[in-house]
Amino acid sequence: LFWLRARLEMGGYDVAPRVDRVLVNGVMASNVTTFRDTVLGSSQGTPNQRFRFVRGPILDGEEIVVREKEKPRGDELARILSEEGADAVQEDPEREGQWLVRWHAVDSLYEGDGESRHYVKDIVTGEIAFGDGVHGAIPSKLDRNIVARTYRVGGGEDGNVAPDMIRVMKQSIGYLDDVTNPFAASGGCDMETVEDVKLRGPHLIKSRNRAVTVEDFEWLAVEASNSVARV
């Protein structure tokens, strides 16, 4: 056995903190499934193309790459690297002379111009949409060149399981006999229903995320977390 000492480096407290438990060999876990290298479709080189994910609902953090005929250069390359990082442009190991370029997710295609490698994601339909050459670039016409390098699908409310409900390992890991979850899982929620949108919409337009009246405070508190049932 070992003693563990915890020291308060700065700040203070009104009530002395109490250690509830010490959990060794513990890690954070999320109820998500990750998919990699999924071909979403082929660009026809036309405006306003849309491509659908096979599975959903899609969580944030997907990586979309477009196979292109030529490597971006000059200011065009600099813009891509500034938005997506140093590894955003890579030579395609499977197709000689073609390049894999990571495109940038935005809330609206009107944020860019005809050369902006942007796309928008619709979590309701499970689709991504590209631009028209004026607002957002059009992907090059190539076969099977719209690829989701990685994307994650959430489990919704079904993932909010009680303590000690996760008991099965999906794959064997050396020196590990069993697993469990000491705490209840939380944070998972299903897609918003149309009826919920009808109730929320007017308040969202009215308050615009600013609390002025008592009713505004109530709705902002409810929207802060799906764990809030009543305010």
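**Close-up views of the predicted model**

View 1. R52 has E127 as its bridge partner in β8. Strand β8 covers residues 127-130 and runs antiparallel to β2, with three bridges joining them. Strands here are DSSP runs of E with at least two residues, helices are H or I runs of at least four residues, and both are numbered from the N terminus. Two strands count as paired if DSSP finds at least two bridges between them.

This is a predicted model, in which local features need pLDDT of at least 70, side-chain atom pairs count only at pLDDT 80 or more, and totals for chains, interfaces and linings use all residues. Residues are numbered from 1 along each chain as its sequence is written, and side-chain values use heavy atoms, leaving out hydrogens and water.

**View 2. The open sheet.** Four strands form an open sheet in the order β2-β8-β7-β6. Its pairing is mixed. The edges are β2 (50-52) and β6 (104-105), each pairing on one side only.

**View 3. Strand β9 and its partners β1 and β3.** Strand β9 (residues 142-154) pairs with β1 (residues 32-43) through nine bridges, in the antiparallel sense. Within β9, L142 is the bridge partner of S43. Strand β3 (residues 63-68) also runs antiparallel to β9, joined by four bridges. V65 stands opposite V147 of β9.

**View 4. S227 after α3.** S227 sits in the segment that follows α3 (214-224). S227 is exposed, with a relative accessible area of 60%. The cut-offs are under 20% for buried, over 50% for exposed and partly exposed in between, using a 1.4 Å probe and protein chains only. Between the C-alpha atoms of S227 and E96 lie 51 Å, and the two residues are 131 residues apart along the chain.
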